[in-house]
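Me: I've got a model open and I'd like to learn how to read its features one by one. Can you walk me through it?

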Amino acid sequence: MARKNIPVPVPRGSKFCHSCQTVHPLSEFYGNRSQPDGRTSQCRECKKASSKRSREIQKIIEEGVAFMDERLANSSFEYEFPVEPMSVPNR
C-alpha cells in the first residue's frame, strides 16, 4: 500500500494529522487497532469536529424523515397499484 505524501518531516513520537495538516505528538491521537501504527489518521480535535458535523447532518436527515412521515400520515393519499398483483400458483 502506498503511503500518502506528507509535506513536513515527522519526528519520532509524533504523527501527521491529515485533516489539519499539522504534526502532533502521538498522545493527541485516539487509538485505532485497525491502523498499522495503532492510531487514527485525525488528531483528537479534528476527530471531535468531524464527529460533531456528522451528528448535525444526521439530526437534519432525521428531522426531514420525521417531517415527511408526519406529512404522509396526515395526507389522504391512497396508492393504487396500476395492475393487479400476480397470484402465486399453489404447488
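This is a predicted model: local features need pLDDT of at least 70, side-chain atom pairs count only at pLDDT 80 or more; totals for chains, interfaces and linings use all residues.

Me: What share of the residues in the protein chain is buried?

Reply: Of the 91 residues in the protein chain, 11% are buried. Cysteine 17 belongs to the buried class too, because its relative accessibility is 0%.

Me: Now the fold. How many helices and strands does the protein chain have?

Reply: There is 1 helix, along with 4 strands. Read from the N terminus, the order is β-β-β-β-α. Helix 1 covers residues 44-74.

Me: Back to those cysteines. How many disulfides does the count come to?

Reply: The idea is to look at sulfur-sulfur distances: a disulfide needs two cysteine sulfur atoms within 2.5 Å. Here the count is 0 disulfides.

Me: Okay, rings next. Which residue lies over the face of phenylalanine 29?

Reply: For a charge over a ring, you check how far the charged atom is from the ring centre, with a limit of 6 Å, and whether it is within 35 degrees of the ring normal. Lysine 15 does lie over the face of phenylalanine 29, at 5.6 Å from the ring centre. As for aromatic pairs, the structure has 0.

Me: And the surface? Which residues make the nonpolar patch?

Reply: Ile57, Ile61 and Val65 make it, and the patch comes to about 270 Å². Isoleucine 57 is part of helix 1, and it counts as exposed because its relative accessibility is 51%.

Me: One last thing, backbone angles. Which residue has a positive phi although it is not a glycine?

Reply: That's glutamine 21, with a phi of about 60°. To place it, look in the loop between strand 1 (14-16) and strand 2 (23-25). Is it buried, exposed or partly exposed? With a relative accessible area of 44%, glutamine 21 is partly exposed.

How values were computed
Residues are numbered from 1 along each chain as its sequence is written. Side-chain values use heavy atoms; hydrogens and water are left out. Buried means under 20% relative accessible area, exposed over 50%, partly exposed in between (1.4 Å probe, protein chains only). Rings of Phe, Tyr and Trp (its six-membered ring) pair if their centres lie within 6.5 Å; planes under 30 degrees apart count as stacked, over 60 as edge-to-face and the rest as tilted. Patches are made of residues with over 30% relative accessible area and no salt bridge: like charges are joined within 9 Å, nonpolar side chains (Val, Leu, Ile, Met, Phe, Trp, Tyr) within 5 Å. Accessible areas come from the Shrake-Rupley method with a 1.4 Å probe; for residues, only the protein chains shown count as cover. A salt bridge is a side-chain nitrogen of Lys or Arg within 4 Å of a carboxyl oxygen of Asp or Glu. Helices (H or I, at least four residues) and strands (E, at least two) are DSSP runs, numbered from the N terminus.
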